[in-house]
Every structure is written in C-alpha cells, then in structure tokens.
Amino acid sequence: MLRYAGRRLLAAVPLLLIVPLMIFLLIDLAPGDPAAILAGDDPTPERLAEIRSTLHLDDNIFLRYVRWVGGVLQGDLGTSFLSNQSVTELIFRRMATTLSLVVFAMVLAVTIGLILGVVASLRPGGIVDRLVNVVASIAIAIPAFWFGLVLVSVFAVTNQIFPAFGYSPLSDGFVPWIQHLILPGTALALLPAAEVTLQLRSSLGQVLKSDYILNAEAKGLGRGRVVFKHGLKNACIPVVTVLGFRVAEVLGGAVTIEIIYSMPGLGSLAVNSVQNHDIPVLLGFVLFTTVVVVLVNLLVDISYGYFNPKVRA
C-alpha cells in the first residue's frame, strides 16, 4: 500500500508545477497592473517604475516562476503586495475556516447521500425511490449560492435560528462553531449529497441483483446484513470515485459561500487578491487548493485500492 501511495504522489508532482505556471501565464495576460494599485492615485512614472523594480514585475515571467518555485521549496510563499505580510501566515490564519466548512459539507453530503441512496435502492421503482430520484435531480440543478441565500433568509433573517454571517473558531466552543457552519455547510453540501445519492442508488441497486447477494439471501441472511455487510462495500466503489471529483468542486464553491456568509476563509482572501492583483497571495491560494485536491485524490485512490485489491498490483 505504501508503494502504491508513493507512486501516486510522484505522479502528482507535475500537476503541482504546471498549475501555478498556468496561473502565472493567466495573470500576465490579464489586464491591470499591481504597481498602479499599490501606487495610489495619480502615480508618477518614476514611482511606478520603482514599485515594479522592487516587486520584480519587470522580470521575465519564467524567471519569476522559477524564483517563486525556489521560495516554495524553502517553505516561503512570498509576501503580500498589499499587506506586506507573509503569504504562508495569511493562508494558515484562514485555512481553518475553509477546511472546517469543506469537511463539514462533505461529511454532511456523504451522510445524506448514504442514507437516501440505501433507502431508495431497497425498493427500486417504488414511491420512495422515485421521490428520492426527483429530489436529488432537482438538487443538482440548484446553484449553491442561491440555496445559501434562501437558507439565510429562512433560518437566519426570518426565524433567527442560526447566525446569518461570520465564523466562530472551534477554540471558542463546539456549539458556536457548529452553529456558524450549519447554513453555509448545508448550502455547500447540496450538490455532492445529490450526486452521492444518485450514484449509490444506481450502484447498490445493481449489486443487490448480483448472484452472490441472491445466494446470501437464499441461505437465510437478513436483508439488512446482506445490504450493509456484503452489498454496500462493492456499491461504494463508484461513490468513492465521485467524491474525489466533488471535493474540488466544493473547494471552488466555498469561495462564493464564504462571501455570502462573510466568513474569513481562503475564499474571501482569494477574491480580494484577484481584485487587487495580489499575485503572491493568489499563487499561495492556488498551491494550497492544488495540494488539497491532490491529497484527497490520493486518499480516493487508496480507498479504491482497498475496495479493489487488484489495482494495487
């Protein structure tokens, strides 16, 4: 298993190098000048030239990329153009908010998806199965930001059950922490929960028709034991694959959700860096999200190898 994980990590190294390079190229092509933003109103040409020289903005793009990679290898993500703070500190300071939101959303999505998927697959074609299929299909079509606004309107503004905005760290207590995550986490979990439900409904329905399942039931094993001990493990193979792709989408969706709920996470930091052409912060955010996606996909590969021992060969 360790050898298998090592091979997957080595295969991810090119991705960690290519993605930041593409961001460098896109930033270079995008309109706007960080020096002009930093210089303020009506800057002189000399002032602009001084700022560009200080920030090495006049250097060749590939030279800047190589310099940035060299800093990353030494644990230095650079310094923010706007705040003059370490990018590493900025990311670590906001990382807990985003990771809490993403993990909560994924746990909620998996829980809902497993429950609804199993219930729907037990009686294919029945009323519950059709209802779950319709609800999940509608959920896939609902944008997370719109659903988030609806949740705020109903549960925060109208009824004042949950906080409408902000974030409370876990160090301040579990109850306020979870209260600030319920609404944004639910909005973010809508799409992956629907996709897990539909995927599990389909795969478990096929597994329950397999010969070994029918034989187990013929030998007198209870329906619940057959489903959860024998059927669910094989049915989760495509579900695990789907979850790997959904994590990247949830990370992207967290940017919008954090803005709606005024959460001080990496999403709001990334939006601010884009608006102000804060290149080091944007690159640090991209690198962080890329590493998270790579690690999640590695975990998915290992889980897939657990369900299918042949893939580790």
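How many cavities of 30 Å³ or more does the count come to by this rule? The count comes to one such cavity, where a cavity is, on a 1 Å grid over the protein atoms alone, a set of points where a 1.4 Å probe fits but cannot get out.

## Basis of the description

This is a predicted model, in which local features need pLDDT of at least 70 and side-chain atom pairs count only at pLDDT 80 or more, while totals for chains, interfaces and linings use all residues. Residues are numbered from 1 along each chain as its sequence is written, and side-chain values use heavy atoms, with hydrogens and water left out.

## Overall build

The protein chain has twelve helices and zero strands, the helices (H or I, at least four residues) and strands (E, at least two) being DSSP runs numbered from the N terminus. Of its 313 residues, 41% count as buried, a word that stands for under 20% relative accessible area, with exposed meaning over 50% and partly exposed in between (1.4 Å probe, protein chains only).

Among the contacts in the protein chain with a separation of 6 or more, 73% are accounted for by residues 24 or more positions apart, a contact being heavy atoms within 4.5 Å.

## The nonpolar core

The largest nonpolar core has 72 residues, and such a core is a set of buried Ala, Val, Leu, Ile, Met, Phe, Trp, Tyr and Cys residues joined through side-chain atoms within 4.5 Å. Those with the most contacts inside this core are L101, L181, L188, L200, L204 and Y261. Helix α8 (residues 174–207) gives the largest share of this core, 14 residues. In soluble globular proteins, nonpolar side chains tend to be buried together.

When neighbours within four places in sequence are left aside, L101 is in contact with L181, P184, G185, L188, A254, I257, E258 and M263. L183 is found in helix α8 and is buried, with a relative accessible area of 2%. Not counting residues up to four places away in sequence, L183 touches L151, V152, F155, A156, F162, P163 and Y261. L183 and I257 are 74 residues apart in sequence, and their C-alpha atoms are 9.7 Å apart in space.

## Two buried polar side chains

D129 lies in helix α6 (residues 127–141) and counts as buried because its relative accessibility is 5%. The side chain of D129 makes a polar contact with the side chain of R201 at 2.4 Å; a polar contact is a pair of N or O atoms within 3.5 Å, where within protein one must be able to donate a hydrogen and the other to accept it, and residues adjacent in sequence count only if both atoms are side-chain atoms. Apart from neighbours within four places in sequence, D129 is in contact with A120, R123, P124 and R201.

S203 has its place in helix α8 and counts as buried because its relative accessibility is 8%. A polar atom of the side chain of S203 lies 3.4 Å from the backbone oxygen of L200, and beyond its neighbours within four places in sequence, S203 is in contact with A235, P238 and V239.

## Pockets

A pocket is an open set of grid points with protein on both sides within 12 Å along at least five of seven lines, and lining residues have an atom within 4 Å of a point. The largest pocket has a volume of about 510 Å³, a volume being the space filled by probe spheres set on the points, which are joined across faces, edges and corners. Its lining is made of 20 residues, of which L55, G78, T79, F81 and P280 lie nearest the centre. Helix α4 supplies the largest share of this lining, four residues. By class, the lining of the largest pocket has ten nonpolar, seven polar and three charged residues, where Ala, Val, Leu, Ile, Met, Phe, Trp, Tyr, Cys and Pro count as nonpolar, Asp, Glu, Lys and Arg as charged, and the others, Gly among them, as polar.

The second largest pocket has a volume of about 380 Å³ and is lined by 19 residues, with L16, V72, L77, L287 and V291 nearest its centre. The elements that give two or more residues to this lining are α1 (2–29), α4, α5 (87–122) and α12. The largest share, five residues, comes from α4, and the lining of the second largest pocket divides into 15 nonpolar, three polar and one charged.

## The cavity

The largest cavity has a volume of about 50 Å³, and its lining consists of T98, L251, A254, V255, E258, L266, G267, F285, F288 and T289. Helix α10 provides the largest share of this lining, four residues.
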